Amino acid sequence: MKIKTGGNGVVEPWDVTYLQNLAEQSEQLKQADEGGWKGNVGEALERLQEWTHDFLGMKLEESQWETGEGWVGGASKYSLKESDGSLVGVIYFDLGSRQDKYNHSAHFTIQGGCEEWSSDYTSVTGRSVPRVCVVMNLEGTLTVGSLETLFHEYGHALHSVMSKTRYQHLSGTRGPVDFVEVVSHVVEKYAGRGEGRWNGIERYNQCMYAEFDRRIFGSETEGIGGIEVFRGLNEEFGVPYMEGTHWFTSFGHLSSYGGVYYSYLWAQEVAREIHEDLKGEGREGRAEKFRRLVEPGGSVEPMKIVENVLGREWGGVESAGE
Ligand SMILES: [Zn+2]
């Protein structure tokens with residue numbers, strides 16, 4: 001692979017991600033030219049609708065805004081429905097880019113689902129309708145990489161709206177962080193991107209970041225500065241460290257995932273195993289297992305959920321590569 005960068009020909013640590021992105025983009029554009037997926041936002045949403053029907057036997061239908069609902073032109077509202085037409089939840093998609101908009105891809109819970117009770121709290125009268133929003137910054141012609149991110153965020157959205165917990169604070173993604181990324185990683189596998197060519201590099205980096213996160217929040221590094229911890233870790237992992245830099249200060253996940261960044265890797269491995277398992281099922285079996293995965297939200301211990309989906313004990317990461 002040759003890419004003209006205009007640099008001095010030496011690949012420095014900070015060049016790696018940049019070069020990967022360049023190569024990834026050119027590869028995806030090449031694949032799109034050769035008939036791989038490309039499309040606009042509307043076509044990406046159609047892919048979600050088709051997948052929802054084929055995979056879950058459910059309907060994702062565009063819906064009308066109600067008076068006072070909505071926050072910006074261009075956002076759209078969809079209803080997730082059972083095959084009999086009953087409403088499961090509402091998903092808003094705010095996918096375009098605009099000035100001063102939140103600039104990451106994310107899923108936000110507006111209202112979690114829960115049981116609704118009579119005014120004297122003696123009986124359950126129904127369920128509240130969960131509402132979530134998927135936010136991205138998409139423009140022009142999209143490649144399968146963006147489609148994969150949309151599927152990922154849609155996975156979070158499904159986790160939230162299909163959850164059937166008693167309390168809203170245990171619904172969907174409001175569970176242990178270890179489990180939050182599992183469903184989204186299962187769903188993103190259906191975007192059709194295939195295995196990335198950087199898996200090895202990415203995994204290696206993720207292991208290093210996870211270990212840095214663990215050490216920074218652990219007692220063994222008490223009184224030791226971040227730079228020292230990071231420098232030592234780079235040496236252990238054989239990754240060049242540039243003196244005078246402190247990359248980790250811009251690593252936002254250190255605060256949002258504080259001490260549990262490893263869960264991202266963990267979730268990928270669990271998702272891989274679940275995805276493999278689902279391949280052996282027909283539509284009904286797949287949909288049934290997917291419900292087992294999302295319905296308990298944070299109300300059941302994560303490993304129990306995984307084992308309930310797989311129908312067997314979790315073998316763990318050590319056996320996952322066999
Ligand atoms: Zn995610």
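Trainee: Among contacts in the protein between residues at least 6 apart in sequence, what share joins residues at least 24 apart?
Mentor: The model here is a predicted one. Contacts count in this tally if the two residues are at least 6 apart in sequence, and the share that joins residues at least 24 apart is 64%.

Trainee: Which radius of gyration does the protein have, and why does it agree with that of a compact globule?
Mentor: A compact globule with 322 residues would have a radius of gyration near 20 Å. The value for the protein agrees with this, because its radius of gyration is 22 Å.

Trainee: How do helix α2 and helix α3 pack, parallel, perpendicular, antiparallel or oblique?
Mentor: Helix α2, residues 41-56, and helix α3, residues 144-161, have axes 11 Å apart and pack at an angle of about 50°. An angle under 35 degrees would count as roughly parallel and one of 65 to 115 as roughly perpendicular, so the word for α2 relative to α3 is oblique.

Trainee: Which residues of α3 meet α2, and how many residues of this contact are charged?
Mentor: From α2 come Ala44, Arg47 and Leu48, and these meet Leu147, Leu150 and Tyr154 in α3. By class, the contact of α2 with α3 has 5 nonpolar residues and no polar ones, and the number of charged residues is 1.

Trainee: Is the crossing of α6 and α7 left-handed or right-handed?
Mentor: The axes of helix α6, residues 199-216, and helix α7, residues 226-237, come within 10 Å and cross at roughly 145°. The handedness of the crossing of α6 and α7 is right-handed.

Terms used: Residues numbered from 1 in each chain as written. Predicted model: local features only at pLDDT ≥ 70, side-chain atom pairs only at ≥ 80, totals over all residues. Axes fitted to C-alpha atoms, helices over the stretch in contact; angles between N-to-C directions. Helix = DSSP H or I, 4+ residues; strand = E, 2+ residues; numbered from the N terminus. Parallel < 35°, antiparallel > 145°, perpendicular 65-115°, else oblique. Contact = placed C-beta atoms within 7 Å. Nonpolar A, V, L, I, M, F, W, Y, C, P; charged D, E, K, R; others polar. Left-handed = near helix turned anticlockwise from the far one by under 90°. Rg over C-alpha atoms; globule rule 2.2 N^0.38 Å.
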